[in-house]
Amino acid sequence: FGGAPGIVIPGRTFPVQDFFLEDALKVTKHVLNPSADWAIGGGKGKGKGKGTPASNNKDHADARKLEDLSEVQWRYGKYGPQVMAALRSMDQD
């Protein structure tokens, strides 16, 4: 490294395992409440939870979030239908 000084820190490193949202959903068996703030079309404010559901109206504020969920089955199929349903229903913002 061009003569840069090095440091030695005694001790031991521990292995790290990555977990993602889909892992947590599977382990906890979480079911998304459709009226939760983080559910598409649910929650308070910004007109969420009112009027026509996003799936029925392309002009709905949440409609763009439903456009490309076709890969959910392909990417998350091994996690099971409950996890896929939660991921499809979750506000991606």
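This is a predicted model: local features need pLDDT of at least 70, side-chain atom pairs count only at pLDDT 80 or more; totals for chains, interfaces and linings use all residues.
Colleague: Thanks! Which pattern does the protein chain follow along the sequence?
Modeller: Helices (H or I, at least four residues) and strands (E, at least two) are DSSP runs, numbered from the N terminus. The protein chain has 3 helices and 0 strands. Read along the sequence, the pattern is α-α-α.

Colleague: What percentage of the 93 residues of the protein chain count as buried?
Modeller: Buried means under 20% relative accessible area, exposed over 50%, and partly exposed in between, with a 1.4 Å probe and protein chains only. Of the 93 residues in the protein chain, the buried part is 28%.

Colleague: At roughly what angle do the axes of H1 and H3 cross?
Modeller: Axes are lines fitted to C-alpha atoms, for helices over the stretch in contact, and angles run from 0 to 180 degrees between N-to-C directions. The axes of H1 and H3 come within 9 Å, and they cross at roughly 130°.

Colleague: And why is H1 called oblique to H3?
Modeller: Angles under 35 degrees count as roughly parallel, over 145 as roughly antiparallel, 65 to 115 as roughly perpendicular and the rest as oblique. The crossing is at roughly 130°, so H1 is oblique to H3.

Colleague: Which residues of H1 and H3 make the contact?
Modeller: Contact means heavy atoms within 4.5 Å. From H1 come Leu21, Glu22, Leu25 and Lys26, and from H3 come Val83, Ala86 and Leu87.

Colleague: Glu22 is on that list, so which side chain of opposite charge is nearest to Glu22?
Modeller: Lys and Arg count as positive and Asp and Glu as negative, while His and the chain ends are not counted. A salt bridge is a side-chain nitrogen of Lys or Arg within 4 Å of a carboxyl oxygen of Asp or Glu. Glu22 lies in helix H1 and, leaving aside neighbours within four places in sequence, is in contact with Tyr76, Tyr79, Val83 and Leu87. Glu22 is buried yet has no salt bridge, and the nearest side chain of opposite charge, 6.8 Å away, is Arg75.

Colleague: How far away is Lys78 from Asp23?
Modeller: Asp23 is placed in helix H1 (residues 21–28). Leaving aside neighbours within four places in sequence, Asp23 is in contact with Asp18 and Tyr79. Asp23 is buried without a salt bridge, and the distance to Lys78, the nearest side chain of opposite charge, is 6.7 Å.

Colleague: Is Lys29 buried or exposed?
Modeller: Lys29 sits in the loop between H1 and helix H2 (72–76). Its phi is near 60°, a positive value in a residue other than glycine. With 59% relative accessibility, Lys29 counts as exposed.

Colleague: Last one: what separates the C-alpha atoms of Asp91 and Gly42?
Modeller: Asp91 is found in the segment after helix H3 (81–89). At 14% relative accessibility, Asp91 counts as buried. Asp91 and Gly42 are 49 residues apart along the chain, and their C-alpha atoms are separated by 8.8 Å.

Note on methods: Residues are numbered from 1 along each chain as its sequence is written. Side-chain values use heavy atoms; hydrogens and water are left out.
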